[in-house]
Amino acid sequence: MDVAVIDAGGANFGSVCHALQRLGARPRIVRDAEGLAGAARVLLPGVGAAGEGMRRLQAQGLVAPLRALRVPLLGICLGMQLLFEASEEGAVDGLGLLPGRVRRLAGGPGLRVPHMGWNTLDPVSASPLLDGIAAGAAAYFVHGYAAEVTEDCVAACSHGERFAALVQRGKVAGAQFHPERSAAVGARLLDNFLQWNPT
Amino acid sequence: MLSRRIIPCLDVRDGRVVKGVRFRDHVDMGGIEDLALRYRDAGADELVFYDIGASPEGRSVDRDWVDRVARVLDIPFCVAGGIRSVEEARAVLRAGADKISINTPALERPELISELADAFGVQCVVVGIDSLREADGQWRVRTHTGRPDAMRAPGRRTLDWVAEAQRLGAGEIVLNCMGSDGVRGGYDIAQLKAVRALCAVPLVASGGAGTMAHFAEAFIDADVDAALAASVFHSGAIAIPELKQTLRGQGIKVRL
């Protein structure tokens with residue numbers, strides 16, 4: 001399967017490509033709108049800050065094409081946060097593909113921010129993206145901001161507060177954790193995304 | 001709830017994993033991808049690869065093996081050794097590492113921490129600290145610890161450095177307590193507790209693991225986020241699945 005992986009400036013797109021290759025997909029790195037042509041799936045990975053991430057997408061001419069995309073899209077980590085309307089980080093507008101806002105994790109005693117490490121997925125609604133992923137399965141997270149739990153949330157996670165770990169609305173999906181670094185659970189999510197045929 | 005992490009540390013030389021005896025006489029332990037996957041299968045939460053040749057030889061990390069590991073491994077990994085600039089860090093991260101760890105170069109030029117945090121985000125930037133208790137009872141850092149004959153004591157207090165490293169943008173601190181390192185007598189709980197008290201970012205204990213109880217102490221008494229060890233895992237003295245079951249039995253949250 002031809003999968004477009006957007007290079008939004010983060011360091012993790014190489015790892016995402018390797019993970020897709022392990023599943024038999026053919027990832028290619030995309031840096032402009034033309035690159036999206038013919039892709040059966042689009043991945044938007046990202047590590048870094050929301051403001052910088054949106055500026056890069058704008059500079060690459062990718063904002064409008066991503067908003068108009070007709071094939072399934074998966075945002076990962078910062079890439080998921082950019083799917084929402086707005087982020088507190090840098091006070092930027094996101095792609096607006098999902099209603100809701102991204103907020104800084106509050107942290108607190110014993111709650112380190114960034115939230116870094118393996119934490120459990122708590123399914124909140126049925127989704128083909130969760131096929132074969134048991135309640136309580138662990139995934140690898142590294143982030144300081146998170147999206148609130150909205151009606152598009154299919155799995156939540158807790159770090160002092162509850163936040164969206166996996167979201168889905170129409171053909172748009174997002175994972176706050178890193179499937180490319182979440183061992184068998186992550187591979188299953190990516191495979192589910194590759195098999196996914198939302199209407 | 002967030003799990004406590006178990007992190008095996010692998011020394012790499014010439015693209016192979018080696019085991020050193022008192023910094024010398026390195027024994028080949030196998031291919032780096034094979035060992036990485038073996039630890040992944042055993043339940044390691046993360047791996048640290050330390051390029052032991054890079055710093056002493058005055059070169060940066062060999063990107064070739066980082067790339068090979070990134071192709072096969074599906075858990076996070078950190079690369080340490082010989083990273084002195086944003087450009088060197090970028091090459092290692094682009095090759096597929098999730099984090100880079102800096103030690104001596106950060107003490108020589110603390111701004112490096114900020115430069116890396118600005119370029120890649122704090123989550124990529126691990127500051128490793130080699131620390132030793134001195135005669136006056138203070139813990140102070142050591143640099144150039146890759147070779148005993150090259151080691152230096154710049155005189156900086158460990159606790160001051162922990163505070164400064166965080167202020168500059170360290171996303172995680174690995175505290176290697178040299179007094180307990182290699183002795184298998186347990187982590188240095190007193191020192192870890194002192195650092196924990198002023199460490200708001202994730203803290204990784206290093207140096208001294210010998211038994212499963214030592215891991216439990218570090219998590220329960222010093223409240224560290226992760227525990228790193230090398231020899232007890234490489235020798236087979238402690239098996240990770242058994243370790244995690246034992247920790248869970250004591251109410252410590254781990255990923256099984």
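**Entry 1: Asp7(A)**

I looked up Asp7(A) and found it buried, at 2% relative accessibility. Buried here means under 20% relative accessible area, exposed means over 50%, and partly exposed lies in between, with a 1.4 Å probe and protein chains only. This is a predicted model: local features need pLDDT of at least 70, side-chain atom pairs count only at pLDDT 80 or more, and totals for chains, interfaces and linings use all residues. Residues are numbered from 1 along each chain as its sequence is written, chains are lettered from A and ligands numbered from 1 in the order in which they are written, and side-chain values use heavy atoms, without hydrogens and water.

I placed Asp7(A) in the loop between strand S1 (2-6) and helix H1 (13-22) of chain A. Helices (H or I, at least four residues) and strands (E, at least two) are DSSP runs, numbered from the N terminus. What does the side chain of Asp7(A) join in a polar contact? I found the side chain of Arg31(A), at 2.8 Å. A polar contact is a pair of N or O atoms within 3.5 Å; within protein, one must be able to donate a hydrogen and the other to accept it, and residues adjacent in sequence count only if both atoms are side-chain atoms.

I then listed what Asp7(A) touches, leaving out residues up to four places away in sequence. Among them are Phe13(A), Arg56(A) and, from the other chain, Arg94(B). Contact means heavy atoms within 4.5 Å.

**Entry 2: chain B against chain A**

I read 34 residues from chain B and 31 residues from chain A in the contact. Leu2(B), Asp74(B) and Arg94(B) supply 25% of the area that chain B buries against chain A, more than any other three residues. Buried area is the accessible area (1.4 Å probe) that two parts lose on being put together, summed over both.

I looked for salt bridges across the interface and the rule finds 4. A salt bridge is a side-chain nitrogen of Lys or Arg within 4 Å of a carboxyl oxygen of Asp or Glu. Arg112(A) and Asp225(B) meet in a salt bridge through their side chains, at 3.0 Å, N to O.

For Cys17(A), the nearest cysteine sulfur is that of Cys77(A), 16 Å away. Cys17(A) is buried, with a relative accessible area of 7%.

Definitions and conventions: Disulfide = S-S within 2.5 Å.
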